[in-house]
Amino acid sequence: MATRSVLLSSSFLLILLSFSLEKSNALEGRKTIESNFHTIQLTSILPSSSCKPSSKGKRGGTSLEVINKHGPCSQLNKKGEKGQTLTEILAHDQARVDSIQTRIAAQNFNLFRKTEKTSKKYRAKDSKTTLPAQPGTALSTGNYIVTIGIGTPKKDLTLIFDTGSDLTWTQCEPCFKTCFPQQQPIFNPSSSSTYSNISCSSTACSGLKSATRNTPLCSSSTCVYGVQYGDSSFSIGFFAKDKLTLSATDVFDGFMFGCGKDNKGLFGKTAGLIGLGRDPLSLVSQTSAKFGKYFSYCLPTGRGSNGHLTFGKNGDKSNLQFTPFASSQGTSLYFIDVLGISVGGKALAISPMVFKNAGTIIDSGTVITRLPSTAYANMRATFREFMSKYPRAQDLSLLDTCYDLSNYTTVSIPKISFNFNGNTKMDLVPNGIFFGNDASQVCLAFAGNGDDDSMGIFGNTQQQTMEIVYDVAGEKLGFGYGGCT
């Protein structure tokens with residue numbers, strides 16, 4: 001009996017031990033899932049028709065409020081006017097990507113030549129359309145807007161800001177040919193006591209070629225600029241200077257900008273564009289004496305208005321990580337080195353040479369991140385595997401991994417992380433992973449290039465709500481979390 005009792009006790013202990021191990025493994029598995037997945041309310045990643053008011057906190061430097069021009073906080077589409085659909089936004093985004101990649105490819109192959117050679121066609125390898133490889137073909141327009149002041153007395157102008165462009169310009173009265181509709185009154189140079197045109201003989205005029213990829217012209221000794229964007233939008237006018245006001249205490253005399261007399265395109269009722277590239281004529285360079293070529297921003301989601309664009313150091317957060325800028329390849333674009341990507345805690349089997357081959361830029365104006373075809377195929381397959389329990393939906397334009405989540409209130413999505421040079425890692429927030437119309441069509445917010453030779457672009461959807469820091473003088477890019485709060 002004693003032997004039998006001991007055996008029973010041993011069996012009981014084995015059962016308890018087995019149960020304990022199973023429970024421990026289950027808890028460990030649950031912790032692994034929780035650490036590698038976002039479990040979120042579906043509404044948090046969907047578009048909203050109501051604006052979340054800005055809750056401005058104290059911020060150093062010179063800070064401007066940033067708003068998504070397509071979101072509910074934008075005042076550019078008033079009185080129920082129809083805004084762009086997501087399909088239209090993505091089509092214009094592809095035009096921008098095509099033009100950036102064509103521009104880089106043209107430079108790499110030395111296709112920027114004078115006279116009739118500039119009108120020859122160059123086909124970007126991943127493009128479905130042929131774009132003219134000429135200096136005037138720059139980029140499409142961006143999505144985020146800020147308001148600055150130009151002139152004396154100051155006139156407030158709401159402009160798109162774009163790290164992929166250099167020249168700042170605004171529409172000017174009188175329009176010689178065409179001006180697109182804008183919300184605010186068009187700037188009239190004759191009403192500013194500090195306005196003046198820049199002469200054709202000035203060194204600043206000759207500097208327009210690098211800022212616009214277009215040779216400046218001359219009209220009655222006044223320098224004439226021209227800039228054309230990838231979606232066929234354009235601005236042509238006088239190269240001028242006037243007082244720039246960023247805040248009550250940050251005023252810059254003699255700021256050089258384009259005074260557009262013939263303007264056409266999809267600028268969404270803004271007054272023009274702010275160029276934040278590296279060129280000497282960019283706003284970053286022209287204000288460098290005060291701000292040291294240092295700026296940062298946080299791009300809000302489509303639901304809120306609490307983003308910012310800040311010039312100068314602002315008491316950097318302790319959670320910032322920095323990665324060095326890569327070679328600019330002779331452009332004013334901001335190149336970074338991507339080393340790898342993880343999905344759901346799984347490091348994707350992608351050689352770093354896949355990213356290094358064509359390079360990657362970070363861009364405030366591109367909506368959807370573009371990856372080399374090999375990298376995207378690997379990401380897509382792994383993401384679909386982790387999302388297999390959710391029903392698929394039809395593609396949304398260039399987005400080919402979409403889900404119908406209309407029967408869910410809470411969803412669990414795999415985390416996506418990027419590894420950059422400098423031993424830095426960026427974990428994307430949920431709003432940086434999905435993009436969609438509504439619950440019935442929510443899509444992975446990435447797209448692949450047609451091959452591995454076309455440049456990658458880290459777009460603004462993936463940057464949302466993060467603090468993105470451009471230390472241009474220090475040749476490094478910083479990022480941290482909770483940038484809009």
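Arg278 sits over the face of Phe325, 4.9 Å from the ring centre; a charge counts as lying over a ring if NZ of Lys or CZ of Arg is within 6 Å of the ring centre and within 35 degrees of the ring normal. Arg392 is placed likewise over the face of Tyr403, at 5.8 Å from the ring centre. The model is a predicted one, in which local features need pLDDT of at least 70 and side-chain atom pairs count only at pLDDT 80 or more, while totals for chains, interfaces and linings use all residues. Residues are numbered from 1 along each chain as its sequence is written, and side-chain values use heavy atoms, with hydrogens and water left out.

Phe325 also belongs to a cluster joined by ring pairs, together with Phe161, Phe252, Phe291, Phe295, Tyr297, Phe311, Tyr334 and Tyr470. Rings of Phe, Tyr and Trp (its six-membered ring) pair if their centres lie within 6.5 Å, and planes under 30 degrees apart count as stacked, over 60 as edge-to-face and the rest as tilted. Across the whole structure, 26 aromatic pairs are found. One of them is the edge-to-face pair of Phe383 and Phe434, with 5.8 Å between centres and 80 degrees between planes. This pair links distant parts of the chain, 51 residues apart: Phe383 lies in helix α8 (residues 373–386) and Phe434 in strand β27 (residues 434–438). Helices (H or I, at least four residues) and strands (E, at least two) are DSSP runs, numbered from the N terminus. Phe383 is buried at 0% relative accessibility, and Phe434 is buried at 3%; buried means under 20% relative accessible area, exposed over 50% and partly exposed in between (1.4 Å probe, protein chains only).

Phe420 and Phe479 make another edge-to-face pair, 5.7 Å centre to centre with 65 degrees between the planes. Phe420 is in strand β25 (residues 416–420) and Phe479 in strand β32 (residues 476–480), so the pair ties together parts 59 residues apart in sequence. Both Phe420 and Phe479 are buried.

Turning to the cysteines, the structure has six disulfides, each a pair of cysteine sulfur atoms within 2.5 Å. Among them, Cys402 is joined to Cys443, S to S 2.1 Å. The torsion about this S-S bond is about 105 degrees, so the disulfide of Cys402 and Cys443 is right-handed. Cys402 and Cys443 are both buried. Cys175 and Cys179 are also joined, S to S 1.9 Å, in a left-handed link with -95 degrees about the S-S bond. Cys175 is partly exposed at 26% relative accessible area, as is Cys179 at 23%.
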